[in-house]
There are 2 protein chains.
Amino acid sequence: MIPFKLTDDLIAEIEQLIEDQKDTELSSLLEDIHYADIAEIINELNDDEATYLIKLLDSDKTSDILTELDEDIREAILGNLSAKEIAEELDELDTDDAADIVGELPKDMVQRVISELEDKEHAKDIVDLLRYDENSAGGLMAKELVKVNENWNVLTCVKEMRAQAENVTRVHSIYVVDDEEKLKGRLSLKDLLTTSTKTHIKDIYIPKVDYVNVNEKPEEVAKIMSKYDLEAIPVVDEIGRLVGRITIDDIVDVIKEEAEKDYQMAAGISQDVEADDSIWELTKARLPWLFIGMMGGIGAASIINVFQGAFVTFPILLAFIPLMQATAGNVGVQSSAIVVQGLANDSIKGEIWGRLLKELILGLVNGLALAFIFLLISHFGFKTSYMVSFTVGIALVTVIVNAALIGTFVPIFLNKRGIDPAIATGPFITTSNDVLGILIYFSIAKVLLNF
Amino acid sequence: MIPFKLTDDLIAEIEQLIEDQKDTELSSLLEDIHYADIAEIINELNDDEATYLIKLLDSDKTSDILTELDEDIREAILGNLSAKEIAEELDELDTDDAADIVGELPKDMVQRVISELEDKEHAKDIVDLLRYDENSAGGLMAKELVKVNENWNVLTCVKEMRAQAENVTRVHSIYVVDDEEKLKGRLSLKDLLTTSTKTHIKDIYIPKVDYVNVNEKPEEVAKIMSKYDLEAIPVVDEIGRLVGRITIDDIVDVIKEEAEKDYQMAAGISQDVEADDSIWELTKARLPWLFIGMMGGIGAASIINVFQGAFVTFPILLAFIPLMQATAGNVGVQSSAIVVQGLANDSIKGEIWGRLLKELILGLVNGLALAFIFLLISHFGFKTSYMVSFTVGIALVTVIVNAALIGTFVPIFLNKRGIDPAIATGPFITTSNDVLGILIYFSIAKVLLNF
């Protein structure tokens, strides 16, 4: 496949065609481009140009484009469309994508758009989906699925399935429910086709079926689907009724978003921002963490001030402040990151004492190794006195062990409290470790060197 | 679904049953447990217990278990199996999973295992796959797929498809090739079923089909499949012949591994380690980065030593070393992380000057905001002289701008050189920024305060 390449030339060409209102040229230029690629193009246009394109193209294509756009551009475009125009887009979409878009509309618009929807069944499904928390299996699922009643015979089943499959892009599985809509199992297409048409479904279905509850967290759904290599999973409500289905493409998005969020948190970026966001958006996401870091720096300054006595007698101690700080920060982040990933993979199951003991040993091993190297360097490089060198060495080991323990404890603690442990890898803990590292350093130096 | 929960009790029970060699109890206990869950259990056992279970259970289940195990346990188990036993496992697996396992075997074992394989076609496919680089589309793909010749008619096509589909767990798509095996397009099942049996495939197939080249990087394949919401993609060789197929479950693994790798790199962990790895493994992954950090700290100590003059006249300057260091580190990581994600999403397209300008402005905005707050705090809190306060403030802005520029430049530069830009978010750049930050700080202070 020759991959689509978004170039400045292509954007300029499209902008020119829009300005000249050359609709035929535009349509034919965009005809062979995939909707996901057109979305990338539109993300680069201004709001008026974007709206112009959406109004120009067919709604079977524009509906898909809308789902792929950046949220701010989509909002701007939808703001330029009438309730009827929006409803036309939604009519083309699966219920989950349609509900996501409706969820972004201003309150007064929702009612009007819904009432303009042509397919009343579709409208009802979309309204149903609006009730679920965005951050749950219910918020992810679509209503499109193929289900059959256990009391039907094969003939009825095939007939009904055919009608249902019309609305379902990818069938994946046929789910079996009872008269109360409760999920009973699934059906293999092969069994269905090789059985007499009078056989009842209840005699041939497979009762073993993976499913998730409608209130399950998206991360949990992702974990289950990826662990068991599922391409689709049915969703049931509190009393076991089949209410929807989640497909793997949505889960891929969940996994990617989750990973981006953790990564940004570790890097000290508090909002979901992208490289091409405005300077204002980027500042909002970055400045708070820098401010926390600065407070840490000022805290460290206060600590250093307290230990002024050392400035005169052992000025060399001050030179090793960056060493203590960097080491404490690095060790803390390493420890936290391993715990955060362990929690995400379920490979850590809350056994906090065992983990702390392990980190203690690990900290000692790493700390002694680094302290040994340090002693060599300080002896030959800085020609510091043995007393000072040993003081710094002992402080180094203590700081490392301490940072390892804090880095391990905090994410486990946050996780138990129901807070995302990934926060612990961000600047907040690094900063605390920095400051604490300096405090430990000077305290040990004060005791050992007696200044 | 009641999710499977791995408990210490369950492990203890299984270990006891193994010790007592109660095979029937073991088999019935494990019968209803999913292979991915059994793999989790086996990951907790010692090598002998693990081998015992693998030898006990049926190879249609153990083959799947093997693919899910941690690499070190799998290696230990395979070391305890004969060539014939390993071949029996491989016979049950899809070609991609089988090839992955063969790839891990010792060289002298490969030949023997391959010759023990029962299905010669399967053996040939596995051998074919072994030639591809693990880190390419060829290394990910399976040979199992459904393909039809464009010159066949519908009747032949349906007959052939049925035979092929036997070996394919999930069909996804029917691919159309010409006499030279070149990929021409795909076939809709619906069209196939609603067309006269004498129609030739070449008259009904859809020529538009997404595909990837066998040498494509897994990350690229992941990007394409997730962007276009594909559940499977065909793989072609250099001259366009259809050679395999990649399914979304493998891509989910690629996305997760990629995210874990980036996250660990940002946290300064150099190897793929997990929380339950040995202290030795963890030390190997962590110590190198701590060592780099320590070298940075020692570099910083040398710089501070050079500026000893300040120690006497402006001791308060020393107190703000941690502030400079932490801020430089934090800004650098933020900038790098945004660039790294932008590169991963293709939202940054190499336009380096524009990005640097943006970061310059962003650095100035953030820097001036922080410097302003700093001036207030230092005036009221530390009662430093105006001259010193302004010096620190100016240094702070300079350090922030500098770190933002370096944090932006380095990942773009690495990426152009074909090096994974995520390295830039790790301790290496943080450390460089730390040291450079301190150098800038003291240089500015020396000029402005003239010590």
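Trainee: How far apart do the C-alpha centres of domain 1 and domain 3 of chain A lie?

Mentor: The model is a predicted one, in which local features need pLDDT of at least 70, side-chain atom pairs count only at pLDDT 80 or more, and totals for chains, interfaces and linings use all residues. Residues are numbered from 1 along each chain as its sequence is written, chains are lettered from A and ligands numbered from 1 in the order in which they are written, and side-chain values use heavy atoms, without hydrogens and water. The two centres lie 50 Å apart. Domain 1 of chain A covers 8–135, domain 2 covers 146–257 and domain 3 covers 279–449, with bounds from an automatic or database domain assignment.

Trainee: What makes helix 5 and helix 7 of chain A roughly perpendicular?

Mentor: The axes of helix 5 (residues 59–68) and helix 7 (residues 83–92) of chain A cross at roughly 85° and come within 8 Å. Roughly perpendicular means 65 to 115 degrees, so the term applies to helix 5 and helix 7 of chain A. Helices here are DSSP runs of H or I with at least four residues, and strands are E runs of at least two.

Trainee: Which residues make the contact?

Mentor: Helix 5 of chain A contributes Ser59(A), Asp60(A), Thr62(A), Ser63(A) and Leu66(A), and helix 7 of chain A contributes Glu88(A), Glu89(A) and Glu92(A); contact means heavy atoms within 4.5 Å. By class, this contact of helix 5 with helix 7 of chain A has four charged residues, three polar and one nonpolar.

Trainee: Which residues of chain A does UniProt list as "transmembrane region"?

Mentor: The unreviewed UniProt entry lists 289–310, 360–382, 388–414 and 426–449 of chain A, and such annotations may be inferred rather than shown by experiment. In the model, residues 289–310 of chain A are 91% helix and 0% strand, with end C-alpha atoms 31 Å apart. Residues 360–382 of chain A are 100% helix, and their end C-alpha atoms lie 30 Å apart. The entry also gives "domain: CBS" for 141–204 and 205–261 of chain A.

Trainee: Why do strand 1 and strand 3 of chain B stand at the edges?

Mentor: The open sheet has the order 1-2-3, with mixed pairing. Strand 1 (146–149) and strand 3 (183–187) of chain B each have a single partner strand, so one side of each lacks a neighbour in the sheet. From one strand to the next, the twist averages 35°.

Trainee: In what sense do strand 2 and strand 3 of chain B pair?

Mentor: Strand 2 (residues 174–177) and strand 3 of chain B pair in the antiparallel sense over four bridges, and pairing takes at least two bridges found by DSSP. In strand 3 of chain B, Arg186(B) stands opposite Tyr175(B), and Leu183(B) stands opposite Val177(B). Five residues lie between the strands of this hairpin, and Glu181(B) has a positive phi near 70°. Helix 12 (residues 154–165) of chain B lies across strands 1, 2 and 3, at about 155° to strand 1 of chain B.

Trainee: How many bridges join strand 5 to strand 6 of chain B?

Mentor: Strand 5 (residues 232–236) and strand 6 of chain B run antiparallel and are joined by five bridges. Val235(B) stands opposite Gly244(B) in strand 6 of chain B. These strands belong to an open sheet of chain B with the order 4-5-6.

Note on methods. Axes fitted to C-alpha atoms, helices over the stretch in contact; angles between N-to-C directions. Parallel < 35°, antiparallel > 145°, perpendicular 65-115°, else oblique. Nonpolar A, V, L, I, M, F, W, Y, C, P; charged D, E, K, R; others polar.
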